[in-house]
Amino acid sequence: MPDTIAERTTGLFEAHKGSNPRILFFHLVLGVILLVLVGGLAYQQLGREDLYHEREKVQNQRRILVPGPRGHIYDREGNLLVGNRPRFSTVIYLDEIRGEIYREFLTIRRAYRESGDKDLPNELQLSQIARYTVVHRYLEEVNRAIGREFPLDSTALTRHHQTQRLLPYTLIDDLAPEDYARLLEQLPVQSPLQVQTSSSRIYPYGKAAAHTIGSVKVDDVEVPENFPGAELRTLKMKGTVGRDGLEAQFDPELQGEAGGTIYRVDPSGYRIEPPLEKHLPVQGRNLTASLDIELQIAAETKLEENEMSGAAVAIDIQTGEILVLASNPAYDLNEASPRISTTKYREIEEAGGWLNRATQGLYPPGSAFKVLTALAGIRSGAITADTVVECNGFYRVGNRLFRCDNHADRGELNLVQAIAKSCNTFFYKTGLETTADNIAAEARRFGFGQRTGIEIPHETTRSLVPDPEWKRRERGLGWNPGDTANYAIGQGDLLVTPLQMATFMASVARGQIETIPTLLHAPGRATQRTTGIGIDAMLYEALMEGMAETALTGTARILQNPRLLAPLPGLTIGGKTGTAQIPGSLNVGWFICFAPVDDPRIAIAVAVEGNIAGETTGGGTYAVPVAHGILKAWWDKQQEGAR
């Protein structure tokens, strides 16, 4: 046993020398934990660097989109129908007045505390008061400069600060040119107040072709494909989209491509200059419409002269391009784009101005339909080259007498005379011999009862070609001979649109059964080729002669009266008038025509809602002058081009 302290200590040390398995285990666990921590830290710092970068990017960057200008719309001769004008607005950048707002906040808070007011607003309310006070001060500066008194909407300002503080806040929208000039002179370059320029639609011809051209409305801009920053919070400045007409139908083509800017933002959400990325907007594609604005204005002027509602359509017979698509009453597109006041909306609504009567107006065609009844009669054999019908002023159908008051001449009439004089008796007899089913089939063959496919929205789907089966199905009633007699002269349940009548007239003049209308102009467009009309050439010539006589000596002879309408020397016209009675309403005067007779190039259909109940010459009295206005404008241009 050791005697000295050194010996005892040495022995104790030697007794504890060597490895202890439990201590080694804990050392191992501690080492593993340290390795895991070091590895995790390295992974977080290196392996997930891209993820943290993206998160930081999402938190610290914002994307602002601005709309691209819309494309222009021109008429077939290059006249500007729709363009863009600069729109000037006074805006204020809230991030540039943060310091002023904070100082105002401190001043207001101190004033409240010093007043001893126990109802001290909270911090958020004080901030709103300070923001309003500072912005209002700047607005007053603008008002003094332009001599106006524009108000400040506190609710809109608060909403803008909460959701769109990166965007400038609009104080005054659509400045008058003189106000814009004053502000440019008086606003300092470094002021948080700026005059911002955007584009707005302008319609140089006001209400001309309003229903066809259409208007735009305010909407968010669309994000272009492959535009950078898809993961970022995006703020969009307001753009426009088509509301109706060509503006709506061709919105994807007209719509410009948005541009944008990506900014870094500070913790308060305000931008940090300069921007990280900037992409300029691109203007949309231009559109050339088939309309001829001179003919369009001529039609609308004539429709307005008697302050009557109605529609006029003119179509290029060879190509199907629409030259005129007019509806009255109309409205000034400049007052409806991009916003319209409630007062103006109701004013247009009360006048019936929203309805496009050319494509949505549904009317019985009256005697203008006799052209189709004649075609159905020829195809069924009810009309031959030898057909004559005696007219005594009435025609008996069963126990009823159907009157013919359209002409004073009594006696036998052939097809040419029956068309020219619009003899009801001839067509009562023809219709009964042809049958209602054959008349309906012929109407459908020419496209009645279905859309024409014109390239503007909302063409009606309710045009109607009735027949005996329809009457049984819809009304539970049988079809009687009186229904057929009415059908033959374009009365009864038959409903058509002016556009359908125009395409019908173009097809007949071309000797075919279909005309596909289009509102797009294509120079050198080929002549349309569809199924032939399918009748004997001699009878077709008789039909054309009857329509030519209508304009010379028949129900449209007003065209030859120089005291009422200007002469059209050298232009031969073929057509058919009609007056349709609408039960419980006034009549509708019709005139469908084509010209020149020997080389048909333009077809027209006019429908005028009459203002004299029971009138039987509405088509000749009111519709013919509208067509004459179009024909004169068209013929004058042809003569000028020939010189």
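**Aromatic pairs**

Start with the rings. This predicted model holds 14 aromatic pairs. Select F88 and Y180. Their rings are stacked, with 3.7 Å between the centres and 10° between the planes. Now colour by secondary structure. F88 sits in strand β3 (residues 80–92), while Y180 belongs to helix α7 (residues 177–186). The two residues are 92 apart in the chain, so this pair links distant parts of it.

Which of the two partners is buried? F88 counts as buried because its relative accessible area is 15%, under the 20% cut-off. Y180 has a relative accessible area of 21%, so it is partly exposed.

Go next to Y345 and W354. Here the ring centres lie 5.1 Å apart and the planes meet at 35°, so the pair is tilted. Stacking would need planes under 30 degrees apart. Check the surface again. Y345 is partly exposed, at 37% relative accessible area. W354 is also partly exposed, at 28%.

**A ring cluster**

Select F369, F446, F448, W479, Y487 and F504. Show the side chains. Ring pairs link these residues into a cluster.

**Helix α13**

Select residues 370–380. This is helix α13, and nine of its 11 residues are buried, so the rest of the structure largely encloses the helix. Which residues are the buried ones? They are K370, V371, L372, T373, A374, L375, A376, G377 and I378. G381 comes after α13 and has a positive phi, near 95°.

**The cavity**

Now look inside. How many cavities of 30 Å³ or more does a search of the whole structure find? The search finds one. The largest cavity has a volume of about 30 Å³. To locate it, select the lining residues: L81, Y203, P204, Y205, G206, A208, I213 and L333.

**A nonpolar patch**

Select V29, L30, I33, L34 and L37. Together these residues make a nonpolar surface patch of about 450 Å². Pick out I33, which lies in helix α2 (residues 21–47). Look along the helix axis as you do so. In an α-helix there are 3.6 residues a turn, so residues three or four places apart point the same way. Is I33 buried, partly exposed or exposed? I33 has 44% relative accessibility, so it counts as partly exposed.

Terms used:
Residues numbered from 1 in each chain as written. Predicted model: local features only at pLDDT ≥ 70, side-chain atom pairs only at ≥ 80, totals over all residues. Heavy atoms only, no water. Patch = residues over 30% accessible without salt bridge, like charges linked within 9 Å, V, L, I, M, F, W, Y side chains within 5 Å. Areas by Shrake-Rupley, 256 points an atom, 1.4 Å probe, with all protein chains shown as cover. Salt bridge = Lys/Arg side-chain N within 4 Å of Asp/Glu carboxyl O. Helix = DSSP H or I, 4+ residues; strand = E, 2+ residues; numbered from the N terminus. Buried < 20%, exposed > 50% of the residue type's maximum accessible area, 1.4 Å probe, protein only. Phe/Tyr/Trp six-rings, centres within 6.5 Å; stacked < 30°, edge-to-face > 60°. 1 Å grid on protein atoms, 1.4 Å probe; cavity = no way out; pocket = protein on both sides within 12 Å on 5 of 7 lines; lining within 4 Å. Points joined across faces, edges and corners; volume = space filled by probe spheres on them.
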